[in-house]
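Open the structure in your viewer and keep the selection panel at hand. The tour goes from stop to stop.

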Amino acid sequence: MSALSRRRILFGGAAVGAGALLTACTSNEPETNAQVNTNTGTSANPNAAAGQKVIIGFSAPAADHGWIAAITTNAKAQAAVYPDVEFRAVESGTDAAAQRAAIATLIAQKPTVIVMLPADGKELDSTGLEAMKAGIPVINLDRAFPSRAAYRLQIKGDNYGMGLAAGHYIGEQLKAKGVTNPIIGEIPGIDSLELTQERTQGFNTALAEYGFKVANRRPAEFTADSGQAAATALLQALPKMDALWNHDDDQGIGVLAAIKQTNRSEFFMVGGAGSKLAIDAITKDDSVLKATVTYSPSMASSAISLARLIGQGKGMSDLVELQVPQEITLASETITKDNAAKYAKLGF
Amino acid sequence: MTTQTAPPEATTKHERRKIDDGVLRNLGLVGVLVLLIVVGIITKPDLYSDPTWVKNNFLTILQQASAIGVVTVGMTFVIIGGGIDLSVGAIIALAGVWATTLATQSYGAGGMIFTALIVGIAVGLVNGVLISYGKLVPFIATLAMLVAARGLAAQISGKQTQISANSTINSLASERLLGIPLLVWILALVVAAGWVLLNRTTFGRRTVAVGGNPEAARLAGINVKRHHMLLYALSGLCCGIAAIMLTSQATSAQAAMANLYELDAIAAAIIGGTLLSGGRGTIVGALFGVLVFSTITNLFAINNLSTEVQNMVKGAIIVAAVLIQQFRYRSFTQLFKR
């Protein structure tokens, strides 16, 4: 009996100690790199002058990925820049149903404008319509609503253009090197998503202009461990490669790890999205990663700025029109060592 | 009831056949592996003609099977013990994320490994306590843990990918010992330990007993509840080990890592001959199950075939393996009736 209780005390003590140690180990303060438009000097930009108060309701799916996390961070940071903006974010779950419910409560609060990144554009189309009917202008961020009446402004990235940019960069580089029959690899993200298919289409179209095509394509799942697995399989399948396009810089952490683990360096790699880590690696130029094509979450900051203008009935000062346009598609830019310094502040 | 209808001499024959059956199944899986490799040689003779590539390819197949292999060993124990653990992928994510927070990383590689293992065991114990003493069905308890552990992982990581800056941890995935990747050595050690534990210790015999007939095991004096609890802790420990392996491979951890590992581990255990209702299963079979999946992935990659087709083939193999099991059992019973 006494032996048993001594053992219990021993185990119990060890458990409590381990528990205390572990709780201390959750402290985690990663640096955030918000992308904010700070062009708020009223003399240079009359639109920046404080105007009528605008309440911006914001909804984006719960982040399971650095890009979505950056969207929310950016929106919040941009709203904080304007003294005349009140920012109300709602917790929107991970799926369309949860977000629909979240937006219903948001509509009931009657914000001036709603900025929404839908979990799925098609599934939340009716919710967009509902808000518009309630007289609240909707800013549709990135994932497009099919109905034109469901949004006041649509601002989104260009997946097809991203593929084109990656394909053109790879095509030009290989042409300059005089490679005639290159072996090109591709690591897309989740393959069933429309955005992945658009990126791949753009990539293939651009490569076709040079008479090139993809030799092997191994999809990952936007996570680093799936990127490592996909890249390991790809490298094994292509013992010699000339170029590689990886659609996403987050999964690219794993892709680069796999390349290092297999000691391969005979090719160059292009990333996608434009994360801070990727831009740093391109600047340092110490890995196969030579470029990345952007799909920047800075669009969330721009969406907040435009939501404010829409709420105040102002237009974009460089345009002739008195109102903000209805659709804006960001251009996918190619970040290389030459211009990396300029983009460093846009990395997320 | 069945023992009453079966004549005594048939029972001993049945016992003998059961041993042969295990060997036969493993031979069957080796056959599948050989077949997959032969298909590889036929479809890609140019790659297979280079001996260095072939050696590297086998090591790659093993290395990519190592983390999921470790998880499958734990899963096999849980299933033999009559349970199921749907939370393994989530435990890996939580252990991986917890081990790569900035605070944990400041304690170095030892601190990271310690954290991953303790988190794995602790979450496994929570599963075990809920199932044994809270009387929750394993399916429900571990399903709840799947959701909750990923949630906690997302909370801790702030939904970001956490980079491992520790060169010792990161080098686990690239270092080799006697020409064989370290991760493969870890898998080999875990499989060997699992085999000894299952086949040569009281713990192993008890696992089979509580899985086969918990009431009989209880009457025989086994503390069934405590044993179930320990099995989930063991599975958690395996997840902790796998979390370190996966973190070193990806040089990072995040809440979404090890996605759907639970399904791969269960499928590998099942095609390795572990009975989903408990009471029977082998570690070696489970290892072959993992290798079959890893080899399929490799075969599809070198032929640039889409992952959709690959998933369909995986599904077909699982169904075929279970059908063969059932067919064997039916033909045995018919044999005894005659």
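Does B:R206 count as buried, partly exposed or exposed, and why? B:R206 counts as partly exposed, because its relative accessibility is 36%. Keep in mind that this is a predicted model.

**Stop 1: the positive patch.** Stay on B:R206, which sits in helix 11 (residues 202-212) of chain B. Together with B:R206, A:R7, A:R8 and B:R226 form a positive surface patch.

**Stop 2: the nonpolar patch.** Select B:V126, B:L130, B:L136, B:V137, B:F139, B:I140 and B:L143. These residues make a nonpolar surface patch of about 560 Å². Colour helix 7 (108-132) and helix 8 (138-157) of chain B: each supplies at least two residues of the nonpolar patch. Helix 8 of chain B gives the largest share, three residues. Then zoom in on B:V126, in helix 7 of chain B. B:V126 counts as partly exposed because its relative accessibility is 40%.

**Stop 3: aromatic pairs.** Over all chains, the count is seven aromatic pairs. Begin with A:Y169 and A:F268, an edge-to-face pair with 6.1 Å centre to centre and 80° between the planes. The pair links distant parts of the chain, 99 residues apart. A:Y169 lies in helix 5 (residues 159-177) of chain A, and A:F268 in strand 9 (residues 268-273) of chain A. Both A:Y169 and A:F268 are buried.

Next, select B:Y48 and B:W53. Their ring centres are 5.2 Å apart and their planes are at 75°, so this pair is edge-to-face. B:Y48 and B:W53 are both buried.

Terms used. Residues numbered from 1 in each chain as written. Chains lettered and ligands numbered in written order. Predicted model: local features only at pLDDT ≥ 70, side-chain atom pairs only at ≥ 80, totals over all residues. Heavy atoms only, no water. Patch = residues over 30% accessible without salt bridge, like charges linked within 9 Å, V, L, I, M, F, W, Y side chains within 5 Å. Areas by Shrake-Rupley, 256 points an atom, 1.4 Å probe, with all protein chains shown as cover. Salt bridge = Lys/Arg side-chain N within 4 Å of Asp/Glu carboxyl O. Lys, Arg positive; Asp, Glu negative; His and termini not counted. Charge placed at Lys NZ, Arg CZ, Asp CG, Glu CD. Helix = DSSP H or I, 4+ residues; strand = E, 2+ residues; numbered from the N terminus. Buried < 20%, exposed > 50% of the residue type's maximum accessible area, 1.4 Å probe, protein only. Phe/Tyr/Trp six-rings, centres within 6.5 Å; stacked < 30°, edge-to-face > 60°.
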